[in-house]
Amino acid sequence: MTRLNLLPWRQINRKEQDRQLLGIAVGMAIMTVLLVYFAWSNISHRIDNQNNRNTYLTQQITKLDQQIAAIRELKKQRDALIARMQVIQQLQADRTEIVHVFDDLVRKLPDGVYLTKFQQTGASIMLSGVAQSNARVSAFMRNLDSSNWFANPDLDVIHVTAKGNERVSEFTLHVTETDKSATEKKKEKKKGAGS
């Protein structure tokens, strides 16, 4: 029987398998490195992309904040202009009011009554004066009560004093100025009824 020595063939086969295994290991290592590199590159690219998007959004938010601040400033200016316009309209509506008040006050003042002080605070008017008698003060209050421009006359103080050889009544009364729009409506109704 012949004996064959298979050791050299096995060694060659093992070396070949070791070489193949080493080649596969090196190939796998290279593939792993390439895979890790591509994964890292992809993630890095995505992070850079997201950072760029975040920067863009931050810039846009800053622009919008500036625009919102500008809009708020414009609204403040608009509100200030509207307030000024309302004041101007109110002044134009009220510019003839004082003329009507003084005109009506003079028309309602009976003979023998003289005013010495006129003070207005809002719709409240304080009148001080001198009258020849208490009856003339009462007549003045009745006239004010029947006026379109005055309401609720209220006598505050009346003193009878002697001036020279005459006795006079010094008085202070409060009266409320009526709503101008209501007065104007009354006038329009009177004009409408008269025509």
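Q: What places arginine 107 and aspartate 103 about one turn of the helix apart?
A: Both residues lie in helix H2 (residues 97-108), and four residues separate them, about one turn of the helix. Helices here are DSSP runs of H or I with at least four residues, strands are runs of E with at least two, and both are numbered from the N terminus.

Before going on, a word on the source: this is a predicted model, in which local features need pLDDT of at least 70 and side-chain atom pairs count only at pLDDT 80 or more, while totals for chains, interfaces and linings use all residues. Residues are numbered from 1 along each chain as its sequence is written, and side-chain values use heavy atoms, with hydrogens and water left out.

Q: Why is the contact between arginine 107 and aspartate 103 called a salt bridge?
A: A salt bridge needs a side-chain nitrogen of Lys or Arg within 4 Å of a carboxyl oxygen of Asp or Glu. In general, side chains of opposite charge can pair when their charged atoms come close.

Q: Why is arginine 107 called exposed, and what is aspartate 103 called?
A: Buried means under 20% relative accessible area, exposed over 50%, and partly exposed in between (1.4 Å probe, protein chains only). Arginine 107 has 63%, so it counts as exposed. Aspartate 103 has 35% and is therefore partly exposed.

Q: How many salt bridges does the rule give?
A: The count comes to three. Another of them joins arginine 19 and glutamate 16, at 2.9 Å from N to O. These two are three residues apart in helix H1, which means that about one helical turn separates them. Arginine 19 is exposed at 54%, whereas glutamate 16 is partly exposed at 33%. Aspartate 79 and arginine 78 also form a salt bridge, with their closest N and O atoms 3.3 Å apart. Aspartate 79 is partly exposed at 42%, and arginine 78 is partly exposed at 47%.

Q: What makes Leu22, Val26, Ile30, Leu34, Tyr37, Phe38 and Trp40 a nonpolar patch?
A: Patches are made of residues with over 30% relative accessible area and no salt bridge; like charges are joined within 9 Å, and nonpolar side chains (Val, Leu, Ile, Met, Phe, Trp, Tyr) within 5 Å. Together these residues have about 770 Å² of accessible area on the surface, an area that comes from the Shrake-Rupley method with a 1.4 Å probe, where for residues only the protein chains shown count as cover. Tryptophan 40, found in helix H1 (residues 7-94), has 56% relative accessibility and so counts as exposed.

Q: How do you know that strand S2 and strand S4 pair?
A: Two strands pair if DSSP finds at least two bridges between them. Strand S2 (residues 124-131) and strand S4 (residues 166-177) have eight bridges, in the antiparallel sense, so they pair. Leucine 127, for example, has leucine 173 in S4 as its bridge partner.

Q: In what order do the strands form the sheet, and which are the edge strands?
A: Four strands form an open antiparallel sheet in the order S1-S2-S4-S3. Strand S1 (113-121) and strand S3 (150-163) are the edge strands, since each pairs on one side only.
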